[in-house]
Amino acid sequence: MLQLNQLLERFKNLTNSEKVKKQLIVEVLVNNKIPASVSQVSLSKNTLFIKTQPIIKTEVLLKKEIILKQIQKIPGLSIVSNIQ
């Protein structure tokens, strides 16, 4: 019979799926030359919120369609339909 700590060992490498989604979004933003971090990104329903300086938000809105298409190609993020 296995010890409890041996059974729980397999769960140590699991990550928070929300954190992974945010990291993937940040990678898309950085690839589009928009500085961002995981702490600045949040998801609510179908909307992506980016908490940053107004000048960077303007840059995001200028590239909104391109960024949305790239984010929607990521499995699990296809529901994102708006950026604010």
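**Fold and core of the predicted chain**

In the hairpin formed by β1 and β2, two residues lie between the strands, and Lys-45 takes a positive phi near 55 degrees. Helices (H or I, at least four residues) and strands (E, at least two) are DSSP runs, numbered from the N terminus. The structure is a predicted model, in which local features need pLDDT of at least 70 and side-chain atom pairs count only at pLDDT 80 or more, while totals for chains, interfaces and linings use all residues. Residues are numbered from 1 along each chain as its sequence is written, and side-chain values use heavy atoms, with hydrogens and water left out.

The chain contains four helices and three strands, which follow the pattern α-α-β-β-α-α-β along the sequence. The strands form an open sheet with the order β1-β2-β3 and mixed pairing; two strands pair if DSSP finds at least two bridges between them. The edge strands are β1 and β3, each of which pairs on one side only. Strand β1 (residues 41-44) runs antiparallel to β2 and is joined to β2 by four bridges. Within this pairing, Val-41 has Ile-50 of β2 as its bridge partner. By contrast, β2 and β3 run parallel and are joined by two bridges; here the bridge partner of Leu-48 is Ile-83 in β3.

Of the 84 residues in the chain, 27% are buried, where buried means under 20% relative accessible area, exposed over 50%, and partly exposed in between (1.4 Å probe, protein chains only). The accessible surface of the chain comes to about 6,300 Å², and 56% of this surface belongs to carbon and sulfur atoms. These areas come from the Shrake-Rupley method with a 1.4 Å probe; for residues, only the protein chains shown count as cover.

A nonpolar core is a set of buried Ala, Val, Leu, Ile, Met, Phe, Trp, Tyr and Cys residues joined through side-chain atoms within 4.5 Å. The largest such core has 18 residues, and those with the most contacts inside it are Ile-25, Leu-29, Leu-48, Ile-67, Ile-71 and Ile-83. Two or more residues of this core are given by each of α2, β2, α3 and α4. The largest share, four residues, comes from α2.

Helix α4 (residues 64-72) has Ile-67, Leu-68 and Ile-71 as buried residues. Seen down the axis of α4, the buried residues fall within an arc of 100 degrees, so they line one face of the helix; the arc is that of the directions from the helix axis to the C-beta atoms. Glu-65 and Lys-69, on the other side of α4, are exposed. The cover over the buried residues of α4 includes α2 (17-31), β2 (47-50), α3 (54-62) and β3 (82-83). Leaving aside residues up to four places away in sequence, Ile-67 touches Val-28, Leu-29, Asn-32, Ile-34, Val-60 and Ile-83, a contact being heavy atoms within 4.5 Å. Among contacts in the chain between residues at least 6 apart in sequence, 45% join residues at least 24 apart.

Side chains of opposite charge can pair when their charged atoms come close. The structure holds one salt bridge, defined as a side-chain nitrogen of Lys or Arg within 4 Å of a carboxyl oxygen of Asp or Glu. The side chains of Glu-59 and Lys-63 meet in this salt bridge (3.3 Å, N to O). Glu-59 is partly exposed, with a relative accessible area of 31%, and Lys-63, at 23% relative accessibility, also counts as partly exposed.
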